[in-house]
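Here is a short report for a first look at a new structure. Please view the sequence and the model before reading on.

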Protein chains: 2
Amino acid sequence: MLLSTGGTIASKVDYRTGAVTPALSASDLNEAVPELGKIANIDAEVLFSEYSENLQPDHWTKIAKKLDSLANSDYKGILIAHGTDTMHYTSSFLSFALAGFPIPVALVGSQRSSDRPSSDAALNLIAASTFLVESNTKGIFLVMHHNEDDQTVACHAGTRVRKNHTSKRGAFETMGGNPAFIVTPTLEIQKNIQDDFFKDIKYNPRMKIDTKVSLVKYHPGYDPKLIENLIQTGCRAIIFEGTGLGHVGRTMYDVVKKAKENDLFLGMTSQCIDGRVRMTVYESGRDLLELGITPLENMTPETSLVKAMWALGNSKNADEMKLLMLENIASEF
Amino acid sequence: MLLSTGGTIASKVDYRTGAVTPALSASDLNEAVPELGKIANIDAEVLFSEYSENLQPDHWTKIAKKLDSLANSDYKGILIAHGTDTMHYTSSFLSFALAGFPIPVALVGSQRSSDRPSSDAALNLIAASTFLVESNTKGIFLVMHHNEDDQTVACHAGTRVRKNHTSKRGAFETMGGNPAFIVTPTLEIQKNIQDDFFKDIKYNPRMKIDTKVSLVKYHPGYDPKLIENLIQTGCRAIIFEGTGLGHVGRTMYDVVKKAKENDLFLGMTSQCIDGRVRMTVYESGRDLLELGITPLENMTPETSLVKAMWALGNSKNADEMKLLMLENIASEF
């Protein structure tokens, strides 16, 4: 099954303006890459036609509900054509909302539109279809051009991946490790992971979401008043992108305390993008632990943010939310 | 000259608590690495003793003023011992505030405290001193353990560098290229750059700073009201960490317009961390250009934030600020 949501993979260049606009339908996409027919019989459906910077949590919910309706279908897997800009945010949400989903899902994008010679649309679609048919796995994966070889495609765990380059075709990377699977130029599937993507094999859809979560990147000169503003506007959880092992400056202690007194969930990640938060090494980290900040290990800031929106929507109180945040549901740690 | 500001490089483990606390003085540091004496006669002075997550723009100004007082001294170069967490923010500020500074400056940190066997403090100090004495260059550099070899040290341009790993010794990387210089295990200096670090050779200190700048990382579910809050609290400039080539969602257009009407400077960078912002490829980018957002090329979000604080402090109006933001002063582009 191919679901199209828009993005460059479903777009062509407008030769009048020179800009790229979303245009192709899911079946156009299917027809544009005739090789797909040899890999599988693919049904196609357009969910919406948006660049991914315009996708919002409501769109995530629509995709999740559509997937949920296909949970008991005969499809071997599901392809989602998606813009690359926020693909890793969407893949994170689907990973939590559809934990244990019975068939594999591949989000596929392209960095160059499909009518350009340098387009990676066909390669990514072919590799993703092959992966879905042959990998015999479960999980939400982001399937894109790999860095090291011009014909190699990487299948990244949907909760561990980040867009790290604005323009090159191999823009996505699995943080802190190798991609879960590699599709070689001869369409062989190499498996790099030992563990299952979902930590619980039972399908357990929890599709609610509450977006009252803020992402705060700490930096010198950060005005603590901004945190007070967040509390006042009804924010229920803050994901900090701290420095290094998970720090914010001493100037933040008072507002952190205040946020805690207002029962906000406070999670710590690192703006270093790679490595693991460790708040016991330095005095400052210990102070922040005492103030009630929860270290989020090696979870990326983006995945942490999305998980917090999901956990806030699917828990009754702050304690339950914290438990969900620290439970490894879909290889996010 | 060795100036100490604190950080792990100037710290030791407290064996009672197991935590690392800042303790060594600049002269202790000098004495702790006797090899330094063979490279140069080093005077030492403690400016302050803080972990770098606690450093604020006021501290940057103090360092800049101290350096400015040494501009006409006989020193061959200046070492600044500094915590690694916000080292790249400090190096950015010094690069703009002290454009054309006549002698080279090396910020040196360590990822492991100097009384630990795995410490990189001595290696980094020795390499940085050698670099200052022998490189015959000008500029603000960040000198830290390199990734690829256990004895190689990288000298990164102070405006192009990012801490990309929470814990490993080679945590820093030059974005979009190689480090400006490499110090080999035999203390030879390899030069990787063609151009001078400072684009104008005249020393032109402009040390003012205005911190009314916010860094906004856009993501699905970002609440546009937060931008209204920023305008209301007196924010004068926003640096967006957009998605991909420099996008924010359509939900942001109205508040972006409002911010522009309030005469805020609006700059666009990418959360992809590598590559170049290009806002003419997609409709959404073009819309944002029309709304008055300034694309900041390949400048990192962190450097853009610091430069905006500096440009706001050193310009009379928004037009002048924009000119400064787009002028390549210290290899930030």
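## A pair of facing residues

Leu3(A) stands opposite Ile80(A), a residue of β5(A). Their strands are β1 (residues 2–4) and β5 (residues 78–81) of chain A, which pair in the parallel sense over 3 bridges. Strands count as paired if DSSP finds at least two bridges between them. Helices (H or I, at least four residues) and strands (E, at least two) are DSSP runs, numbered from the N terminus.

This is a predicted model: local features need pLDDT of at least 70, side-chain atom pairs count only at pLDDT 80 or more, and totals for chains, interfaces and linings use all residues. Residues are numbered from 1 along each chain as its sequence is written, chains are lettered from A and ligands numbered from 1 in the order in which they are written, and side-chain values use heavy atoms, with hydrogens and water left out.

## The sheet of chain A

Chain A has an open sheet of 8 strands with mixed pairing. The strand order is β4-β1-β5-β6-β7-β8-β11-β12. At the edges stand β4 (44–46) and β12 (189–191) of chain A. Each has a single partner strand, so one side of each lacks a neighbour in the sheet. From one strand to the next, the twist averages 25°. Strands of a sheet pair through backbone hydrogen bonds, either parallel or antiparallel.

Helix α3 (residues 57–69) of chain A lies across β1, β4, β5 and β6 (105–108) of chain A. Helix α3 of chain A runs at about 160° to β5(A). Helix α5 (residues 121–134) of chain A also packs on the sheet. Helix α5 of chain A touches β5, β6, β7 (140–145), β8 (153–157), β11 (181–183) and β12 of chain A, and makes about 145° with β7(A). Contact means heavy atoms within 4.5 Å. Axes are lines fitted to C-alpha atoms, for helices over the stretch in contact, and angles run from 0 to 180 degrees between N-to-C directions.

## The sheet of chain B

Chain B has an open sheet of 8 strands, in the order β4-β1-β5-β6-β7-β8-β11-β12, with mixed pairing. Its edge strands are β4 (44–46) and β12 (189–191) of chain B, each pairing on one side only. Strand β1 (residues 2–4) of chain B runs parallel to β4(B), joined by 3 bridges. Ser4(B) stands opposite Val46(B) in β4(B).

## How the copies relate

The same surface serves both copies: 100% of the contact residues of chain B recur in chain A.

## The cavity

The whole structure holds 1 cavity of 30 Å³ or more. The largest cavity has about 70 Å³ of space. Its lining has 16 residues, and the closest to its centre are Arg162(A), Glu241(A), Arg162(B), Lys217(B) and Glu241(B). A cavity is a set of points, on a 1 Å grid over the protein atoms alone, where a 1.4 Å probe fits but cannot get out; lining residues have an atom within 4 Å of a point. Points are joined across faces, edges and corners, and volume is the space filled by probe spheres set on them.

Note on methods:
1 Å grid on protein atoms, 1.4 Å probe; cavity = no way out; pocket = protein on both sides within 12 Å on 5 of 7 lines; lining within 4 Å.
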